[in-house]
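Please examine the model shown here.

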Amino acid sequence: MNAPLGARILVIDDEPQIRKLLKVTLQAHQFELHECGEGEEGVIQASIVHPDLIILDLGLPGMSGMEVLHRIREWSQVPIIVLTAKDQEGDKIAALDGGADDYVTKPFGMGELVARIRVALRHVAKTTDEPILRFGSLTIDLSQRQVELEGDLVKLTPTEYEMLKVLASNAGKIITQRQLLQQVWGGHHHESDSHYLRVYVGHLRKKLNEDPTNPRYIQTEPGIGYRFLLPAE
């Protein structure tokens with residue numbers, strides 16, 4: 001069984017040659033690659049890109065790989081494969097107990113790593129039982145991460161999709177700005193980032209052909225947050 005084509009993989013590794021090798025090889029296997037070389041930037045990228053899997057080095061400058069692992073695990077269950085030169089049993093136990101899903105040591109075989117990526121993605125696909133949400137002419141397939149409006153595919157950025165997912169999964173309920181920031185951007189956000197919400201909601205409304213003065217889907221709750229509207233009976 002193959003892994004989902006086009007799955008997004010975020011590589012957090014400070015070795016440019018390793019990142020280049022992974023980029024060339026994994027793109028050849030039709031994965032979408034994102035990369036960065038520092039730990040803190042990796043946490044930020046994880047909250048922006050919303051990858052399907054992360055490959056994480058432990059020896060990172062600034063913020064260690066273990067701290068990156070802990071920070072991401074505060075808000076995400078994305079599969080994480082540790083790829084590191086640290087080969088001591090204690091390092092492996094600490095990483096796996098800290099939330100890593102797999103552990104591969106350098107030097108490594110590219111074929112084995114790709115196989116482990118496929119296994120991790122298959123495991124997620126099997127354990128994820130996400131429904132298809134339908135609101136009139138709007139359909140959100142949570143397992144395929146696809147949105148259709150009146151039968152046409154709506155192209156959303158990863159952040160726009162995550163916002164829509166959070167709102168639609170809680171249809172009828174008010175989602176506060178803080179809740180939305182926490183669930184979409186994870187621990188890496190500030191209360192002052194609420195202006196980003198207005199920007200992204202504006203983009204979402206435009207792509208959903210919304211009239212902001214008479215919304216069908218996303219209603220602003222002034223000073224509080226947003227509510228995804230249930231279709232009228």
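In this predicted model, helices H6 and H8 are roughly perpendicular to each other, because their axes cross at roughly 85 degrees and angles of 65 to 115 degrees count as roughly perpendicular. H6 covers residues 158-169, H8 covers residues 194-207, and the two axes come within 10 Å. Two packed helices are described by the angle between their axes and the distance between the axes.

From H6, the residues Thr159, Glu160, Met163 and Leu164 take part in the contact. Their partners in H8 are Leu197, Tyr200, Val201, His203, Leu204 and Lys207. Sorted by class, the contact of H6 with H8 comprises 6 nonpolar, 2 polar and 2 charged residues.

H6 also holds Glu162, which is buried, with a relative accessible area of 10%; the cut-off for a buried residue is under 20%. Leaving aside residues up to four places away in sequence, Glu162 touches His50, Arg145 and Val184.

A further helix, H1, is formed by the 13 residues 16-28. At 1.5 Å a residue H1 should span 18 Å, and the distance of 18 Å between its end C-alpha atoms agrees with this. Ile18, Arg19, Leu22, Thr25 and Leu26 are the buried residues of H1. They cover an arc of only 145 degrees around the axis, so they lie on the same side of H1. An α-helix has 3.6 residues a turn, so residues three or four places apart point the same way. On the face turned away from the buried side, H1 carries the exposed residues Pro16, Gln17, Lys20, Val24 and Ala28. After H1 comes Gln30, with a positive phi near 70 degrees.

Key. Residues are numbered from 1 along each chain as its sequence is written. This is a predicted model: local features need pLDDT of at least 70, side-chain atom pairs count only at pLDDT 80 or more; totals for chains, interfaces and linings use all residues. Side-chain values use heavy atoms; hydrogens and water are left out. Helices (H or I, at least four residues) and strands (E, at least two) are DSSP runs, numbered from the N terminus. The expected span of a helix is 1.5 Å times one less than its number of residues. Buried means under 20% relative accessible area, exposed over 50%, partly exposed in between (1.4 Å probe, protein chains only). The arc is that of the directions from the helix axis to the C-beta atoms. Contact means heavy atoms within 4.5 Å. Axes are lines fitted to C-alpha atoms, for helices over the stretch in contact, and angles run from 0 to 180 degrees between N-to-C directions. Angles under 35 degrees count as roughly parallel, over 145 as roughly antiparallel, 65 to 115 as roughly perpendicular and the rest as oblique. Ala, Val, Leu, Ile, Met, Phe, Trp, Tyr, Cys and Pro count as nonpolar, Asp, Glu, Lys and Arg as charged, and the others, Gly among them, as polar.
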